[in-house]
Amino acid sequence: MRRPITILSFVLLPILILLGLYFYPIYPTAESSIKGPTQPILFSHKIHAGDNQIACQYCHSYVAISPWAGIPSVQKCMGCHSQVAGRDVEYQYDGKKINIKKEIQKVKEYWDKKTPIPWVKVHFLPQHAHFTHKRHILRGFECKTCHGAVEEMDVVQKVNRLEMGWCVGCHTKNAKDEEELTRLKDCLTCHY
Ligand code: HEC
Ligand code: HEC
Ligand code: HEC
Ligand code: HEC
Ligand code: HEC
């Protein structure tokens with residue numbers, strides 16, 4: 001009767017541990033987050049929203065009035081960068097050395113060519129699921145509740161995996177009464 005236990009501890013257990021270590025990196029936890037993509041301009045939220053304290057809603061202007069937060073136009077960037085040429089200094093951006101002034105010159109190149117900057121999306125849901133910023137912002141949720149401390153990030157990265165369980169979990173926790181709970185858990189609230 002002791003044999004199965006011996007086999008389990010000496011043979012199976014090490015195999016399970018090795019398998020666990022092997023597959024671990026495929027399943028990052030919310031804390032270890034998901035690394036953001038490389039953008040056409042190495043724009044730093046830390047420099048803009050952190051060091052220079054530019055308000056999130058100055059750039060993401062639609063967040064409280066529409067489903068979408070919106071990404072600022074080149075024109076909005078030039079509102080500052082036609083004056084702010086930037087310091088001729090090196091900056092350590094996510095392990096890469098960049099020159100602040102040269103990186104800002106790239107913004108002006110897009111402006112001169114009259115082409116939008118092809119930013120790569122970081123957050124998105126599958127087509128069948130719908131989210132709206134407006135309702136969440138009006139309810140008083142801060143950006144960092146869902147996006148983490150973006151003002152400390154050079155590269156924006158997902159800190160939450162935007163899975164259905166995350167949405168429904170928060171809806172269940174925050175519903176103010178039974179009636180709202182029913183609505184916030186209704187499939188058709190998010191799938192239509
Ligand atoms: C409200 C003013 C303001 C706006 C709007 C603004 N910037 Fe900046 N930006 C700054 C300041 C200030 C710096 C820091 C310059 C320095 O340190 O010398 C900066 C630095 C930069 C840098 C160099 C540091 C880095 O982030 O890599 C880039 C690139 C840049 N901005 C791009 C942009 C882009 C693209 C937009 C539009 C999406 C934009 N900026 C909008 C004020 C602004
Ligand atoms: C100076 C303008 C500016 C300010 C201020 C700013 N952002 Fe952004 N934000 C951008 C630009 C440009 C992008 C697209 C490039 C990128 O992803 O870095 C972006 C991207 C993002 C994204 C990812 C979008 C996606 O594709 O999923 C999030 C989330 C975000 N910002 C949140 C914030 C929050 C929160 C703040 C305030 C703490 C903030 N931003 C302040 C310009 C700005
Ligand atoms: C309740 C959670 C939540 C809050 C609070 C929240 N966001 Fe988002 N954000 C999301 C989700 C989910 C997405 C992906 C939406 C999609 O793809 O339909 C997203 C996408 C974005 C995007 C990229 C797409 C877009 O909408 O333009 C930006 C930029 C953004 N958020 C900025 C902000 C800013 C700035 C704030 C605070 C003023 C904020 N968010 C508050 C959950 C949130
Ligand atoms: C931080 C908590 C939180 C998270 C995370 C969250 N929600 Fe919500 N959501 C709420 C609350 C609370 C409301 C009710 C807002 C109101 O109407 O005052 C709401 C409202 C909504 C509404 C409007 C409901 C209606 O009555 O029409 C939609 C749609 C929605 N959420 C979708 C989502 C989706 C999709 C996600 C995940 C990608 C998500 N939410 C994540 C808290 C959250
Ligand atoms: C609060 C918003 C919300 C509600 C309520 C909700 N869902 Fe979802 N659902 C999502 C989001 C966001 C996704 C996409 C992310 C994911 O796949 O986890 C999703 C994904 C799904 C998927 C695809 C899963 C997959 O693996 O691709 C199915 C099926 C689904 N939902 C069914 C339902 C049903 C049935 C209900 C009602 C009992 C429901 N959902 C209620 C937000 C919601």
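Reader: What share of the 192 residues in the chain is buried?

Author: Buried residues make up 3% of them. A residue is buried if 20 or more other C-beta atoms, placed from the backbone, lie within 10 Å of its own; 12 or fewer make it exposed, and counts in between make it partly exposed. This is a predicted model, in which local features need pLDDT of at least 70, side-chain atom pairs count only at pLDDT 80 or more, and totals for chains, interfaces and linings use all residues. Residues are numbered from 1 along each chain as its sequence is written, while chains are lettered from A and ligands numbered from 1 in the order in which they are written.

Reader: Why is Val120 called exposed?

Author: Val120 has 9 C-beta neighbours inside 10 Å, so it counts as exposed. Its place is in the loop between helix H5 (100-113) and H6.

Reader: With which residues is Val120 in contact, leaving aside neighbours within four places in sequence?

Author: Pro37 and Gln39. Contact means that two C-beta atoms, placed from the backbone, lie within 7 Å. Val120 and Pro40 are 80 residues apart in sequence, and their C-alpha atoms are 8.0 Å apart in space. For the chain, take contacts with a separation of 6 or more: residues 24 or more positions apart account for 64% of them.

Reader: What is the mean pLDDT of the chain?

Author: The mean is 88, and 82% of the residues reach 70 or more. pLDDT is the predictor's confidence in each residue, from 0 to 100. Over residues 16-33 it is below 50, and this stretch has eight contacts in the model beyond near neighbours in sequence. Where pLDDT is low, the predicted coordinates should not be read in detail.

Reader: How many helices and strands does the chain have?

Author: There are 10 helices and two strands. Both are DSSP runs, numbered from the N terminus: helices are H or I with at least four residues, strands are E with at least two. Along the sequence the pattern is α-α-α-α-β-β-α-α-α-α-α-α.

Reader: What makes S1 and S2 a pair?

Author: Pairing requires at least two DSSP bridges between the strands. Strand S1 (residues 90-93) and strand S2 (residues 96-99) have four, in the antiparallel sense. Tyr93 has Lys96 in S2 as its bridge partner. The two strands form a hairpin with two residues between them, and Asp94 in the turn has a positive phi of about 50°.

Reader: Which residues are closest to ligand 2?

Author: Cys56, Cys59, Val122, His123 and Cys143, out of 21 that surround ligand 2. A residue is near a molecule or strand if its C-beta atom, placed from the backbone, lies within 6 Å of it. Helix H2 (45-51), helix H3 (56-59) and helix H7 (143-147) each supply at least two residues of this shell.

Reader: What makes a shell residue nonpolar, polar or charged?

Author: Ala, Val, Leu, Ile, Met, Phe, Trp, Tyr, Cys and Pro count as nonpolar; Asp, Glu, Lys and Arg as charged; the others, Gly among them, as polar. By that rule the ligand 2 shell has 13 nonpolar, six polar and two charged residues.

Reader: How many charged residues does the shell around ligand 3 have?

Author: None; it has 13 nonpolar and eight polar residues. His60, Ala69, Phe141, Cys143 and Cys146 are the closest to ligand 3. H7 gives the most to this shell, with four residues.

Reader: Which element gives the most to the shell around ligand 5?

Author: H8 does, with four residues. Ligand 5 is surrounded by 13 residues, and the closest are Ala129, Met164, Cys167, Cys187 and Cys190. Helix H8 (164-174) and helix H10 (187-190) are the elements that give two or more residues.
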